[in-house]
Amino acid sequence: MTQKNRLQTGGRINRSKPLSFVYNGKQFKGFEGDTLASAMLANGIDVIGRSFKYSRPRGIVAAGAEEPNAVMQLGATEATQVPNVRATQQELFEGLVSGATNGWPSVDNDLMGIVGKVGGKMMPPGFYYKTFMYPQSMWETYEKFIRKAAGLGSSPLENDPDSYEKINQHCDVLVVGAGPAGLAAALTAGRAGARVILADEQSEFGGSLLGTRETLNGEEAARWVADVTAELAGMKDVMLLPRSTVNGYHDHNFLTIHQRNTDHIADKAPAGQARQTLHRVRAKWVVLATGAHERPLVYGNNDVPGCMIASAVSTYINRYGVVPGNELVVMTTNDGAYQTAFDWQDAGRKVVAIVDTRQNPQGAQVAEASKRGIQLIKGSGIIDVAGSKRVTGVSIAALSADGSAVNGSVTKLSADTVATSGGWSPVIHLAGHTGSRPVWDEKVAGFLPGPTVEKRLIAGAIAGDFTTAGALAQGAEAGRKACAELGMDQPIIELPTTQERVEHPAMTLFHIPHVKKTSEAPKQFVDYQNDVTAAGIELACREGFESIEHVKRYTALGFGTDQGKLGNIAGMAIAAKATGRTIPETGTTIFRPNYTPVTFGALVGRDRGELFDPKRYTAMHKWHVENGALFEDVGQWKRPWYFPKAGETMQQSLDRECKATRESVGILDASTLGKIDIQGKDAREFLGRVYTNAWAKLAVGKCRYGLMCGEDGMVFDDGVTSCLGENHFIMTTTSGGAARVYEWLELYHQTEWPELEVYFNTVTDHWSTMTISGPNSRKLLEELTDADVSNENFGYMDWREMKVAGVPARVFRISFTGELSFEINVQANFGLHVWEKLFEKGAKYNLTPYGTETMHILRAEKGFIIAGQDTDGSVHPYDLGMGWAVSQQKPFSFIGKRGMAREDCVRDNRKQLVGLKTTDPSVVLPEGAQGVFDPKAPIPMPMVGHITSSYWSANLGHSIAMGLVKGGLDRMGEKVYYPLADGRVVEAEICSPIFLDPKGERQNV
Amino acid sequence: MSDTKNVAIMNQVPDAAAGVRAESPLHHADLGTVAQKGLKSGGVHFREMGLLGHLTLRCDPKNADLIAAAAGVLGVELPLKPLTSVESGSTIVRWISPDEWLITVPNDQSFDLESRFRAEMSGHYSLVNGSGGMTLFKLSGDRVVDMLKKATPVDLHDSEFPVGKVVSTVFAKSGAIIRRTGATEFELVVRRSFADYLWLWIQSASQEFGLVVEA
Amino acid sequence: MLHIYCPHCCEYREEEEFHVKGQAHLARPLDPDACSDKEWGEYLYFRKNPRGLHHELWVHAAGCRKFFNVTRDTVSYEIKEVYLVGEKPSVVAHSGSAK
Amino acid sequence: MQHYSGFGLIKHSLSHHENWQRAWRNPTPKKKYDVIVIGGGGHGLATAYYLAKEFGVTNVAVIEKGYLGGGNTARNTTIVRSNYLWDEAAHLYEHAMKLWEGLSQDLNYNVMFSQRGVLNLGHTLQDMRDIQRRVNANRLNGIDGEVLDTKQVQELVPHMDCSANTRYPVLGASWQPRAGVARHDAVAWGYARGADAHGVDLLQQTEVTDLIIEDGTIVGVKTNRYGDIMADRVGAVVAGNSSVVAKMGGFELPLESHPLQALVSEPIKPILDTVVMSNHVHGYVSQSDKGDLVIGAGIDGYNGYGQRGSFPTIEHTLQAIVELFPIFSRVRMNRQWGGIVDTCPDACPILSETPVKNLYFNCGWGTGGFKATPGSGHVFAASLAKGEMHPLAKPFSMFRFHNGALVDEHGAAGVAH
């Protein structure tokens, strides 16, 4: 294939570096420096896709981020597919594989196109709201067909082989856009010594200068750009980010920059390189120098391939050495687009005519046109285009002075390219992200950034000055302003001389009328990607969708991946005209991040897979792994769940662990329990306020269980707190609740009771905690300590300091199993050592490690609750039958006391926690089963509470359960029925939750 | 005068004679072997300074007696200026909050230091030994700042983060107490249970610069 | 993302380091037992939730773990003032206006 | 009202769609109405529609400060389900679900209610206990739902990573087949068109600046555009801004208004045809008929009326989505937005009388209001018509926060072990 549209010379491409690429299975050639779009145009590829709704052939319209049509599928392998890549922003690389995202069997011959032609008239905006309703059952069927047409590109079906970086940045000045304004701003701030970040979405700096033949200081502009860039690159605190789009402008000058590191090299990043980087920037000041987008005019069949934006045509010629056609017609409302005709002519191709909508254009450009012998058709517009897969001709008609109507006969000219300019829209998107509303400017005929609370400046075209001289001056000024605000020097940089010409007034015109009414005229597209037409917008207005937000939502205007960069303003203008209002009266245009789409992977960074969330380990974790533990996620902790032996089912493992513990001795790694060290003379008083029970008399050396409630009286945590010294306690919390309880204590201390002399410190990770439990636990402990751990000297709910396996330890004689238990705490650096010593000595006692599941069973046999499983934020201590843990006598009204006294908390028939014995002892009720008193009741059945904990108890030889039952504590012996999903109804009897050793003798021996 | 009857303190470090094996939070990562097998040069250097004594002191900075007493015990003034630290020999004192300081010493000195506090400092304060719950990472190298920027949102530019500055902040999805000890040298105090996660994270984030593990 | 000045660390930090704790200056009734259900309910649940200036409690959770007050505009998200627990705000909403 | 149908489309195409009627009028307001509904979002418009259609109260105005359906109706992720835990909530949302089924026909407007099913994933043992508990409750309440194991989940969502080696493996899920999604804008427009057809005046771009209250009873509202408009009863349905309107009435609500963010990817070919929600890794996702992945997560912690939240929420949400669907890593996020949700301490709404006589509030739906739209409108309309709260609304009185009778849908939001 030859590059038939490629010029022999000129442009910023490297003709000595040819690159081959694939489009829809065919091989093509381009050059280094090309975008995929410029390479396609060079090869004369006209149709690059089909439109979403009508399946019309579409071609390339623009040369940058505003391109609505050239949205391609990229990627050579399944894993490296990238959907919806904008060809105008994708740099060409060797071996690039691309395809159109729709069209069947091919974009050139698309069967859906017939549907579009035939059905098009039946598919006005919102047609789907008006049909597919009957019969009711059919919608899902209709929808299946609608969904077939959904989507542009395809997601990969394999996992992403690439990695992504995320970096936090801080700077004094973030300059967005490296055109003349941005470069001048960055240079000024840089010379002042500011920390500067300069980001631009393109592969090289220069912005608008890259696409023109304009000179600076009499030389090609690129020279000045190179000099400035080089100076900036030499500054220590200046960061230059090409290929980096500032996508989001968030509160307090926090901005995100999406940098493509390798997308210009291959579809898979070279080894060791991150494919993309997301910069999270906190900027003291932001200078927006984002430029402007040229607006195409709206006219009949303006979507036929060959219809382009004037400045884009110039860019392809000047930057890429590509002339996208042979015979050009220019239609413009302003002087600017004349240059496109000149560029085209200088490229050696034919300019058929310049159609100027102004009645009497004057000045240098007009003179130049006639000097060049270019036919100038004044006061006219292109009302229709001939051709389907490529423009073959245009229909031109004279317009009324205000451009609102055709008032002359139609002449046809043959041409294959139409370049239009309806003026320029400042790129204000980022300025609006933090809630600032854009304001309409008549002179600019566009929206400008509105007032903002952010430390933000604007310079250049975004501020409505479309001249290079203006951009340079405003950029430098913005740089100085930022420096002044930062208290730095405000250097004056020498600005290059430009070659400005006087621009004559442009005409404000968006929509070229047709001889027919818009509704009957050929389709005049406003938003190409969503097939939104002028007729559609007028229809929406006729139907009462008058707010621009309604128009957009009803027609889908601006909802494409280009977010209406080309079409929004024209759409508003058409809606305004249709409703007899001004553009500002129809509303404003609101922008949200992202400016251009951002890869999920870049937003995720390395917080995925292994690093998605921390895994927290205890000091004994390695041992658990080596001994075959399966793990349970408890908060971020990895806790042993149970320790299966070869060939065991889970139940067999649990039975073994439970029996071994009750018959001899088991061991649990309890290190994950939250531990908070509390010191100060008021520690005791503080405990009395945050726990429901009494602490005044707890003696040094003693431990006590406590319930913690919210101010609403509902239980939210529990644990044992021990008195280490008169003014010294250690509190334990649930594993999941540690951080919350710690913050809770600090909250009350700092905001409510600062007068109390107490300090809290979290020591959860400091102590390794291992609980040996069972009749032989004392014998085992005695083998590792010289201390007297007899019942006489070391009673239940005492703690003692002693050496265990040579390691200083605090041993707590507390029990969550109801067995004789010792909770050994040593500094975690020695935890595994002690743990292993226990196993050395424990072999003869069949010391058995157990995990959370066996812990649950053993505590349930004793009726001990687990906060978060047996409670859910809606039960108070009395509901749990734990009134014994509430001291109403305490002088201070502890947290929760008032809450649990509210009307609804003291009413009868609240759900209360009880034990449940199934009539058939072999049946284990599923946790979460819902109980009823009347199993025959019709649906909806009155439910009386659910099963919170339920297990097979190997020790008892029958199932055990705990659950909430309405009025349960007064219903001992009564039956509750549990209708299960499989149709069974399980009968159970309400009983005490203490199934084993009700007198609590075993733990006291 | 002595405070020991009101608070329980205990020498938590076994006698050398007991032959107890001590394991730092990254013990399982076997950094010794990693160091031998791994890169010898790179942009980021990593070393775990495990088994230090970590003591947290909390008291009212406006109480001159307490501040003086603490200075007496430590041999240096407590840093009262936010986000600063002081060093004296092997003792480092970090400002954590207006009424909180983190003191690190060799672990075998922690009980002695604790005892001296209890003996010489009275009044309302707390002193807690957290040695088992923390470890210290030394991170250095030409690219260390570039690596740290990936993990923490604080500004590490030398104009904002001079040597000696210490901040408690988020680090990846955990937290760390970061202190600058040199132009290209930082130390992180992190929690034991998160140490493995942070170690994995630092390895991943350092890969592009080349990670040199020291042990 | 908000940029918040911690009055204890005396520098700006990212929102990620903080937890917000809702409306500030909600003093726990000194004698809860003397409160009616209504009074207790209002202390527990009812909030000003203004559109505009809001005095709210924050904690520097990942930093110094100190609580402090922030006066913030809930529309523009501008932080007007940061002050210590126990202090009164100096920037307050003009009476009445809910706008 | 002009009847919509496929034939209508063909007919109108012949006249170039010139003759379609307005979907609703632009009326000049009367001096006085029987009922004024403040707020022209989905709930408010549904309220007006049912007032007129079901309860014969046609002298009704809906006063909207912006454009119809421009609040949270326009800013949510369109998920519809009714599998709530507590009876009170379950009955209310199921009432809504029954109305969803058949809403397009009732309104003669296709709201594209697509019952593609909703999965709530469980990643921990406690998640699974809670799922069992909720599904069992749903079943006994006559609401469809079942508990699926990992394998069944994988069959429903072939592209999700259900392997055991993820950070938080998928242990199972609850599955409500009748749940799904609907076209959010169409819901507001369909109700608006229906209400208008029954004579309701829809006053857009009109802001209520104050309430007119005479000795404890509301008699009308002040507006920025039409001055005072009187009414016998006023219902405030102003999600997000409820506390602002309550302040006009001189009282506070147990609400905080938070930013709720959502985002969409670029449109991609169909790859996910059910709704996947995970509270534990914290994200939810479905795919629209246009091909966008519609993604949401939790609220930002601070109060905000700015219709925008903080960036880390977006990051965490996408981390969750990529954790569930690693293959989406190269898909690109197109746009994000934010709504203002007023959240209640018990994650349930307020449908209630207020301290001001004849002033009623419908608010506090938090992040879950869209799914309730028809039911909310229906029971609120019944309450406004009778001047007495509908039985389904009674449990949701604002005064439950005085006596403690909360309906805590946070469920087991407590701690584990």
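Predicted model: local features only at pLDDT ≥ 70, side-chain atom pairs only at ≥ 80, totals over all residues.
**Ground rules.** Local features need pLDDT of at least 70 and side-chain atom pairs pLDDT 80 or more, while totals for chains, interfaces and linings use all residues. Residues are numbered from 1 along each chain as written, chains are lettered from A in the order written, and side-chain values use heavy atoms, without hydrogens or water.

**Entry 1: H3(D) and H10(D).** I looked up helix H3 (residues 87-100) and helix H10 (residues 369-386) of chain D. Helices here are DSSP runs of H or I, at least four residues, and strands are runs of E, at least two. Their axes, lines fitted to C-alpha atoms over the stretch in contact, lie 7 Å apart at about 95 degrees. H3(D) and H10(D) are therefore roughly perpendicular (65 to 115 degrees). I noted contacts (heavy atoms within 4.5 Å) from H3(D) residues including Leu92(D) and Trp100(D) to H10(D) residues including Phe370(D) and Val379(D). The contact residues divide into nine nonpolar, four polar and one charged.

**Entry 2: His170(A).** I found His170(A) in strand S8 (residues 164-176) of chain A. Is His170(A) buried or exposed? His170(A) is buried, at 16% relative accessible area (buried is under 20%, exposed over 50%, 1.4 Å probe, protein chains only). A polar atom of its side chain lies 2.8 Å from the backbone oxygen of Pro153(B). Another entry for that side chain puts a polar atom 3.5 Å from the backbone nitrogen of Asp155(B). Beyond four places in sequence, I listed contacts of His170(A) including Arg195(A), Arg282(A) and Glu14(C).

**Entry 3: chains A and D.** The contact takes 134 residues from chain A and 111 from chain D.

Definitions and conventions
Axes fitted to C-alpha atoms, helices over the stretch in contact; angles between N-to-C directions. Parallel < 35°, antiparallel > 145°, perpendicular 65-115°, else oblique. Nonpolar A, V, L, I, M, F, W, Y, C, P; charged D, E, K, R; others polar. Polar contact = N/O pair within 3.5 Å; in protein donor to acceptor, adjacent residues only side chain to side chain.
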